[in-house]
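Subject: Model handed over, with notes

Dear colleague,

Please find below the model that I promised to pass on, together with its sequence. My notes come after it, and I would be glad if you read them with the structure open.

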Amino acid sequence: MSTTGNTKRGIAAGLALALTALLAPAEATSVKDLTLTQLVSEATSIVRVKVTGREAGWGRHLDQPAIVSEHRFSSTHKPLLGEPLADLTLFGGEVQGERQTLVGQPELVPGREYLLLLTQARPVQCPLVGIWKGVFELRRGQVFQEGRPVVDVVDDALVLGQDNERGMSPAALEAELRSRLKALAAKKAEAPSEEAPEQQGGAK
């Protein structure tokens, strides 16, 4: 029994080290300073949810065996973009004393409310846009990121305040996100169609 347990722990530890080596460099290139417009442009869904449950277990992540955590949500508001989110699987968690984590990935705590920007158009190491940059915790009528209050948006950048400063309201952040969604949609509508030259050529 003890030998099997040690073997399992050794395998799990090896996997954790291997996954850390594989994931860290790639994520380091994607975690960069992003404007709010860039965050929105990379998102395929923007949802406001409350975490109702979380369960970790062994599964697969990017076709590799790994510990993953299944999160369950209840929608608290209509999505700003995309469809309502009922569940989300993220890399990492703890199973029988073995723990795997992705550096920088926020922990979504059951019972708390979040506004999430997600990209699910293709397989990615973390579906949260910019890892922590696409996660906003909503509490006491304020918006927080990385444990600090989001106090303003200046020159398209999020401004994080000190602990004693009051954060902006969820409604104010949603208004900022909506304005950028509207601007991106207008820009896309104004872009010339790629089919136009072919259609014009065919008409000749």
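Predicted model: local features only at pLDDT ≥ 70, side-chain atom pairs only at ≥ 80, totals over all residues.

Residues are numbered from 1 along each chain as its sequence is written, and side-chain values use heavy atoms, with hydrogens and water left out.

**Confidence and overall make-up**

The pLDDT, which is the predictor's confidence in each residue on a scale from 0 to 100, averages 84 over the protein, and 78% of the residues score at least 70. Confidence is lowest in helix α1 (residues 2–30), with a mean of 40, and highest in β6, at 98. Over residues 1–31 the pLDDT stays under 50, and for this stretch the model has 29 contacts beyond four places in sequence, a contact meaning heavy atoms within 4.5 Å.

The secondary structure comes to four helices and ten strands, where helices (H or I, at least four residues) and strands (E, at least two) are DSSP runs numbered from the N terminus. From the N terminus on, the elements follow the order α-α-β-β-β-β-β-β-β-β-β-β-α-α. Of the 204 residues, 38% count as buried; here buried means under 20% relative accessible area, exposed over 50%, and partly exposed in between, with a 1.4 Å probe and protein chains only. Among contacts between residues at least 6 apart in sequence, 58% join residues at least 24 apart. The accessible surface is about 11900 Å², and 52% of this belongs to carbon and sulfur atoms; the areas come from the Shrake-Rupley method with a 1.4 Å probe, and for residues only the protein chains shown count as cover.

**The strands around β6**

Six of the six residues of β6 are buried, so this strand is largely enclosed by the rest of the structure. In a regular strand the side chains alternate between the two faces of the sheet. Both faces of β6 are covered, with E113, L115 and L117 buried on one side and Y114, L116 and L118 buried on the other.

Two strands are taken to pair if DSSP finds at least two bridges between them. On that basis β6 pairs with β1 in the antiparallel sense over six bridges, and among the bridge partners are R48 with L115 and S45 with L118. With β7, β6 pairs in the antiparallel sense over four bridges; here L115 stands opposite F136, and L116 has V135 as its bridge partner.

β7 is itself mostly covered, four of its five residues being buried. It is joined to β8 by three bridges, the two strands running antiparallel, and E137 has F144 in β8 as its bridge partner. β7 and β8 form a hairpin with two residues between them, and R140 in the turn has a positive phi of about 55°.

A hairpin is also formed by β1 and β2, again with two residues between the strands, and L62 in its turn has a positive phi of about 50°. Twelve bridges join β1 to β2 (residues 64–75), which run antiparallel, and V51 stands opposite F73 in β2.

In the loop between β6 and β7 lies W132, which counts as partly exposed because its relative accessibility is 22%. W132 and E107 are 25 residues apart in sequence and 9.4 Å apart in space, C-alpha to C-alpha.

**Helix α3**

The 21 residues of α3 (residues 170–190) should span 30 Å at 1.5 Å a residue, and the end C-alpha atoms are 30 Å apart, which agrees; the expected span is 1.5 Å times one less than the number of residues. The buried residues of α3 are P170, L173, E174, L177, R180 and L181. Seen down the helix axis, these buried residues fall within an arc of 125°, so they line one face of α3, the arc being that of the directions from the axis to the C-beta atoms. On the other side of α3, A171, K182, K187, A189 and E190 are exposed. What covers the buried residues of α3 includes α2 (36–42), β1 (45–61), β6 (113–118), β7 (135–139), β8 (142–145) and β9 (148–154).

With best regards
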